[in-house]
Amino acid sequence: MLGLKRIRWPVQIRRRALRQLLLARAIRRRKQLRPVIDRTHMIGKRDILAFVTLRNERVRLPYFLKYYRNLGVDHFLIVDNDSDDGSNSYLASQEDVSLWYTNASYKKSRFGMDWINWLLFRFGHTHWCLTVDPDEFLIYPHWDTRPLHALTSWMQATGSRSVSGMLLDMYPKGAVDGQIYREGQNPFDIARWFDPANYTIQKNRFYQNLWIQGGPRTRTFFADNPLSGPALNKIPLVKWNRRFVYVSSTHMLLPKGLNQVYDEDGGETFSGCLLHAKFLSTFATKSAEELDRKQHYSNSQEYHAYHAGLQSGTQLWCEESREYRDWRQLEELGLISRGNWA
Amino acid sequence: MNRQVRLGVILLCHSDLDTAAHMAQIWAKGGARVAVHIDAKVTDKSVRSFKTALQDVDDIIYTPRTRCSWGRFSLVKATQDAAGALLAQFPDITHVYLCSGSCLPLRPIADLCAYLALDPRCDHIESVTAHDVGWTVGGLNEERFTLYFPFDWRKRRRLFDRFTNFQRRYKISRRIPKGIWPHLGSQWWCLTATTLRAILNDPRRKEFDRYFRLSWIPDESYFQTLVRRHSPKIESRSLTLAKFDHAGRPYQLYDDHIAALASTYCFVARKVWPGAAKLLAHFPRPVGDYPDVSLPQRSRFDTLINDVVRRRTLGRPGLYMQSRFPKKDAENGKTSEPYVLFQGLSDLYPGFETWLSRHVQADVHGHILGPEMVEFKGRPVIGPGALPTNILARDRDPKGFLAALIRITNRTQMFQFSPRDNQALSWFMATDPNARMLVVTGAWALPLLHSEMPFDDIRRVFALLQRTELEQLAILNSVWVKARVDMYDLGDFLVSPRSILNDFLRPIDPQARPVIDMPEMRSLSGLARMLRQLRNSGLQPRLTGDKLPPAEDFLAERTAAE
């Protein structure tokens with residue numbers, strides 16, 4: 001039609017077109033969301049908001065909510081994708097949660113990002129917004145003494161609009177399902193180990209973000225094909241504007257300036273990391289279920305690999321794994337950095 | 001309160017009035033008279049709650065509210081008005097301290113008064129000539145005083161920059177009023193009432209005000225300059241601890257700074273993050289039995305700040321991560337530690353790796369950039385730091401791979417290299433001052449010699465490897481090389497391998513035992529013959545050198561033929 005596809009559009013125009021397309025898509029998909037309980041009128045002017053999509057995560061929720069409340073999140077905006085384990089009623093009873101329900105396809109909504117983009121568009125404008133999964137726990141330099149509000153006010157003062165938080169896969173020693181995870185428990189009492197230094201970085205020219213791969217998942221489940229290992233770069237915390245949009249999970253955003261969370265002249269900017277508590281006892285059932293639903297990224301290739309790996313008793317732990325101590329350890333290893341946040 | 005010193009405080013508040021009210025209470029409780037200036041931008045509601053919070057406190061006056069914007073004269077105007085009002089209301093004041101609503105007194109006010117009483121005529125104000133000042137950010141030192149700055153930097157950045165450039169281009173410059181010499185310094189000061197009165201009542205004040213109205217960031221220069229006209233004695237150091245980052249933004253103070261701040265013995269520090277409840281509860285320290293007049297020691301806090309400034313601007317050498325991904329040649333250290341590369345030695349001596357690991361205190365790897373697998377020391381399936389042995393994963397980001405290996409291990413890393421390996425790092429290593437290389441060119445011909453492949457294959461592989469190594473040597477011989485490279489061709493090396501190895505290893509590992517025994521060498525017999533055959537087939541061997549042992553079988557063949 002009109003031969004538009006044949007023209008090689010300038011990259012700025014392609015980026016803008018993509019951003020507007022994704023935004024339009026998110027706005028259209030809002031109809032898939034049915035509010036269960038809407039407490040958004042309680043959101044204050046300077047509140048930090050958390051945006052979550054989840055399905056059947058009941059056992060994780062108490063600790064998740066407690067953790068982020070402690071860190072200073074003021075309101076949670078959650079999309080429940082057809083849970084049947086009581087997540088829905090549990091969340092609805094929480095005072096600081098606004099909940100939406102949908103039974104639409106996770107995959108067709110770009111793995112939940114259309115829903116999240118809509119909620120961000122509608123409620124996130126001018127707020128600092130944290131977009132995480134229920135198994136991702138943000139830590140950053142000084143997080144134990146300085147809550148999120150301290151971080152966001154510092155970021156604001158330095159003129160940064162987004163904070164990088166690479167995904168750090170945590171795993172237990174021994175079999176993944178060797179220790180049962182109980183409700184309310186700190187998942188990192190069990191999954192205490194991580195890979196210290198096997199991350200590869202490439203720069204994506206179109207989005208200007210860094211593409212990070214590696215870690216235990218690539219090492220074990222993608223040993224034969226490390227190039228298709230999962231991406232670990234994430235930008236979970238953003239001072240939102242309704243013009244912004246997440247492109248693929250929270251790996252990258254548009255406009256591209258938000259992805260430039262790194263320094264290219266040798267210096268270090270501030271970065272935290274998302275401790276990923278995926279590999280707990282809940283994982284085995286989850287991976288079997290997700291395989292049936294086929295709702296995950298690139299035909300659930302990841303879950304196939306996990307499932308095969310778990311069947312054959314693959315362990316994630318190895319001699320070179322490090323035991324998690326605190327953020328200072330991660331900073332020393334060079335996984336996160338305080339930048340100039342003294 | 002100290003008899004000699006009656007302290008007045010000017011408190012400039014523009015945001016977060018809750019903290020500011022807390023500070024005003026601290027000052028007033030310590031016995032100081034407080035003049036509060038609230039920015040005209042603050043909403044009436046906040047002002048009302050501020051005043052309610054302070055209604056029980058005496059000795060507080062509110063001065064006319066000016067609309068202040070950063071870097072403009074309005075800040076000086078607010079200070080002047082407040083100072084005038086303070087001195088008029090409380091004529092017995094001897095010293096006036098200027099601070100903001102987020103400046104936290106660390107030591108009791110009584111200490112401060114006692115300290116000021118040590119030398120009651122002294123003015124504590126940082127005041128350095130604009131010419132010598134080293135700390136301004138943005139490059140505007142003297143130009144602050146010689147150009148016109150009518151536009152707001154925050155609101156009209158483009159106009160500001162354009163107008164500045166315009167003036168530079170057309171060499172427009174202002175005349176500095178006679179009798180003053182521009183000085184700069186921290187905007188937080190403590191002046192004696194005499195000096196301050198002299199500045200405010202200066203007969204030429206109108207002229208000076210007019211001049212400073214169009215200079216850049218006058219709050220850092222107005223009092224700092226004029227104090228030089230009137231003060232009998234200046235201690236050119238601010239009593240307020242205020243640190244700025246590389247971009248000129250003030251650092252904030254949090255709960256975890258308590259120990260560092262306490263060790264500085266400073267009187268006042270800024271700027272406090274309003275949520276730092278523990279910090280606000282901890283300071284100021286309670287009044288002791290005797291006033292403590294010890295001097296501020298900033299060094300500990302300075303180190304803390306300088307460390308993070310260095311981390312922000314220079315980063316950690318050899319680190320590639322989510323928030324540090326330097327462009328080529330902007331790395332400030334391509335790798336973190338020295339490392340050693342041996343090229344050709346493992347071809348010459350098949351047991352070189354084991355031999356070397358017995359010889360030096362280091363991790364001796366095989367060909368970690370090799371084509372089949374990453375040959376870590378001991379050939380584990382998972383390398384140090386859980387690095388992969390899979391070459392696909394390594395070749396996705398070879399630079400990051402090498403840097404991570406060097407960074408994660410504690411000992412010196414040594415590895416073998418050859419033209420068969422991944423050459424992606426040739427430039428990287430050659431331009432890295434941490435790299436030490438011992439290169440024996442042409443040694444890769446020996447494994448070929450013993451490969452028993454058909455001659456056609458040997459010729460093809462030989463051509464390939466020779467081309468690769470020639471390309472690498474072009475890099476190693478370029479003018480950009482920062483690595484320490486010892487290069488020999490095979491013939492040269494074989495003349496005295498022991499002393500070459502000794503000379504190479506000594507600076508790397510001074511403790512290493514001198515090389516006496518050499519590992520077993522691959523036999524050279526047939527090499528000359530192979531080279532001759534290659535030459536005769538049209539491929540010129542260029543890297544083995546001309547000092548190779550003569551072809552013993554060559555002569556024999558000739559005689560047989562004749």
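Predicted model: local features only at pLDDT ≥ 70, side-chain atom pairs only at ≥ 80, totals over all residues.
Residues are numbered from 1 along each chain as written, and chains are lettered from A in the order written. Local features need pLDDT of at least 70, side-chain atom pairs count only at pLDDT 80 or more, totals for chains, interfaces and linings use all residues, and side-chain values use heavy atoms, with hydrogens and water left out.

**View 1. The two domains of chain B.** Domain 1 of chain B covers 7–132 + 183–313, and domain 2 covers 339–561. These bounds come from an automatic or database domain assignment. Over C-alpha atoms, the two domain centres lie 66 Å apart.

**View 2. The interface of chain A and chain B.** Here 59 residues of chain A contact 47 residues of chain B (heavy atoms within 4.5 Å). The two chains bury about 4,200 Å², 54% of it on carbon and sulfur atoms. Buried area is the accessible area (1.4 Å probe) lost on putting the two parts together, summed over both.

**View 3. A salt bridge across the interface.** A:Glu331 and B:Arg311 pair through their side chains at 2.8 Å, N to O. Five salt bridges are counted between chain A and chain B (a side-chain nitrogen of Lys or Arg within 4 Å of a carboxyl oxygen of Asp or Glu).

**View 4. The side of chain A that touches chain B.** Elements that each supply at least two residues include helix 5 (148–158), strand 7 (162–169) and helix 9 (327–333) of chain A. Helix 5 of chain A gives the largest share, six residues. Helices (H or I, at least four residues) and strands (E, at least two) are DSSP runs, numbered from the N terminus.
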